[in-house]
Amino acid sequence: MNVDILHQGLFATAEVTLAPGEQFVSESGALYRGSPNLNIETSSRALGGGGILSGLKRAMFARESFFMSTYASRDGSPASFGLSPTLPGEMQVVQLDGAVNWICAGGSYVGSGTGVTIDTQYQGLVKGLLGGGNLMFMKTSGTGPMLVSGFGRLIEIEVEGSLTIDNGHLVAFQDSLQFSVTKAAKGWMASFFSGEMFACRFTGKGKLIAQSHSPTAFGGLLGPRLPER
Amino acid sequence: MEIKLNGNPDFGEAEVHLASGESILAEAGAMSRMSDGIDLTTKLLGGFTQSLLRKFLTQESLVMGRYTAQQPGYVALAPRYPGTVLQQQVSGQGLILTGGALLACSENLQIKPRFGGVRQIFSGEGAFIMQCTGDGSLVLAAYGAVVEKQVDRPFTVDTGHLVAWEPSLEYRIKGAGGIKQTLLSGEGLTMEFSGSGRIWLQSRNLGGFTHWLRKYC
């Protein structure tokens, strides 16, 4: 299995090549091209199991898609295909090593190899609602490549000590990190008037991927300028 | 204080590195991430009444966030839209900014919202412009790339493409053609600058983009 990022930058795209017998899963809709021998199966079930319920949880609470597509070669030769996210920006391959799990936030998960189990992780009502409105995150475990995308540039940070991040800029993090949703400022008034309100505070040791720009901020800027549907 | 600009010209952000005790003022909501030991407080721009008036009239932010380092660290600031961030040293006559152009500034700069007069209301960029004076660093955000021009002869600009200009320049608002043409073309209004000074423009216009999107809503 080979996952390459092409045209890294404003309009990054991923090219996946599968040897016969290998499988790759992505959110449905990310596929934009495939070799003639590519077999595509779409269901609400991901590799990690679960049925309609797991699809519903993904779609309703984790801002990911209800349907997942599974790709494989249909014949004895390698199959290749391309995956792209919706927003302009960079993509990154995260290699899972079986030891540390990664959590994807805010719809940043694009796809992953066969050895990676994906599941939704309930954040708790307080964290979920205050930390950007996602009640669930996507939890990935196992071994193999996992693809994430971001709005703008992706920034990988080695967290030691603590890091505060605006939830709109959070892409993914290793679950060796602990996080809490806190006021951005010390006081409630300052938190509110500074426009930040709540932010995620990560502590411990581990990697975190941030995106340079916030999809919710850009959407919030465009929305009021567009007519109601 | 050291300001690092990353990701220009398509997804620019500013990473502001602060020594202990240093602080930076930033547009409300601009913080994307920050290290440990940075305190966030707020600062009203130009007094309470004016801030409130400005918020009410223009929906622009009432306050700025003040990020103060209790220990050496950084705060990363991102505009809401993709494009370029630009650092500008301000001194002497200062600089005039359009409403959404200010991303951050050092604390020794004074930012005063100024009612631009009736002519400004019709510019389509909000009724307020911001006057920046003092000695310090300013970080501007532009939608698209930034074009800097030295103006010595009359110079015409589409209002939606304006980021900042030096106060030595005079301007007046004009329709691109007649009123009818202005309303029909969607081209908005133009500002005609005269005098001598520098001007900063953005290569794209957010109003133009949303106008285009509206057709598909």
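**Entry 1**

I began with strand 3 (residues 23-27) and strand 6 (residues 68-73) of chain A, which pair in the antiparallel sense over 5 bridges. I noted the rule for pairing: DSSP must find at least two bridges between two strands. I also noted that strands (E, at least two residues) and helices (H or I, at least four) are DSSP runs, numbered from the N terminus. Within this pair, I found that Gln23(A) has Ala72(A) in strand 6 as its bridge partner.

I then looked at strand 5 (residues 38-43) of chain A, which pairs with strand 6 of chain A in the antiparallel sense over 6 bridges. Here Thr42(A) stands opposite Ser69(A) in strand 6.

**Entry 1: what kind of model this is**

I wrote down that this is a predicted model, in which local features need pLDDT of at least 70, side-chain atom pairs count only at pLDDT 80 or more, and totals for chains, interfaces and linings use all residues. Residues are numbered from 1 along each chain as its sequence is written, while chains are lettered from A and ligands numbered from 1 in the order in which they are written.

I looked up the confidence of chain A next. pLDDT is the predictor's confidence in each residue, from 0 to 100. Chain A averages a pLDDT of 86, and 84% of its residues score at least 70. The lowest confidence in chain A is in helix 2 (residues 125-130), with a mean of 64, and the highest is in strand 2, at 97.

**Entry 2: the two chains in outline**

I listed 4 helices and 16 strands for chain A, and 4 helices and 19 strands for chain B.

I checked burial with this rule: a residue is buried if 20 or more other C-beta atoms lie within 10 Å of its own, exposed if 12 or fewer, and partly exposed in between, with C-beta atoms placed from the backbone. Of the 229 residues of chain A, 43% count as buried. In chain B, which has 217 residues, buried residues make up 43%.

For contacts, two residues count if their C-beta atoms, placed from the backbone, lie within 7 Å. Of the contacts in chain A with a separation of 6 or more, 77% are between residues 24 or more positions apart. In chain B, 77% of the contacts between residues at least 6 apart in sequence join residues at least 24 apart.

**Entry 3: an open sheet in chain A**

I traced an open sheet of 4 strands in chain A, with the order 1-2-7-4 and antiparallel pairing. Strand 1 (2-6) and strand 4 (31-34) of chain A are at its edges, each with a single partner strand, so one side of each has no neighbour in the sheet. The twist averages 20 degrees from one strand to the next. For such angles, axes are lines fitted to C-alpha atoms (for helices over the stretch in contact), and the angles run from 0 to 180 degrees between N-to-C directions.

Strand 1 of chain A is joined to strand 2 (residues 13-18) of chain A by 5 bridges, and the two run antiparallel. In this pair, Asp4(A) stands opposite Glu15(A) of strand 2.

I first noted the background: most residues other than glycine have a negative phi, and most peptide bonds are trans.

His7(A) is in the loop between strand 1 and strand 2 of chain A. His7(A) is not a glycine, yet has a positive phi of about 55 degrees.

The peptide bond that joins Asn8(B) and Pro9(B) is cis, with omega about 0 degrees.

**Entry 4: an open sheet in chain B**

I followed an open sheet of 6 strands in chain B, in the order 5-6-3-10-13-8 and with antiparallel pairing. Strand 5 (38-44) and strand 8 (83-90) of chain B are the edge strands, each pairing on one side only.

Inside the order, strand 3 (residues 23-27) and strand 10 (residues 102-106) of chain B pair in the antiparallel sense over 3 bridges. Leu25(B) has Cys105(B) in strand 10 as its bridge partner.

**Entry 5: where the chains meet**

I ended with the contact between the chains, which takes 30 residues from chain A and 28 residues from chain B. On the side of chain A that touches chain B, the largest share, 5 residues, comes from strand 13 of chain A.

Strand 13 of chain A is also joined to strand 4 (residues 31-35) of chain B by 3 bridges, and these strands run antiparallel. Leu163(A) has Ser35(B) in strand 4 of chain B as its bridge partner.
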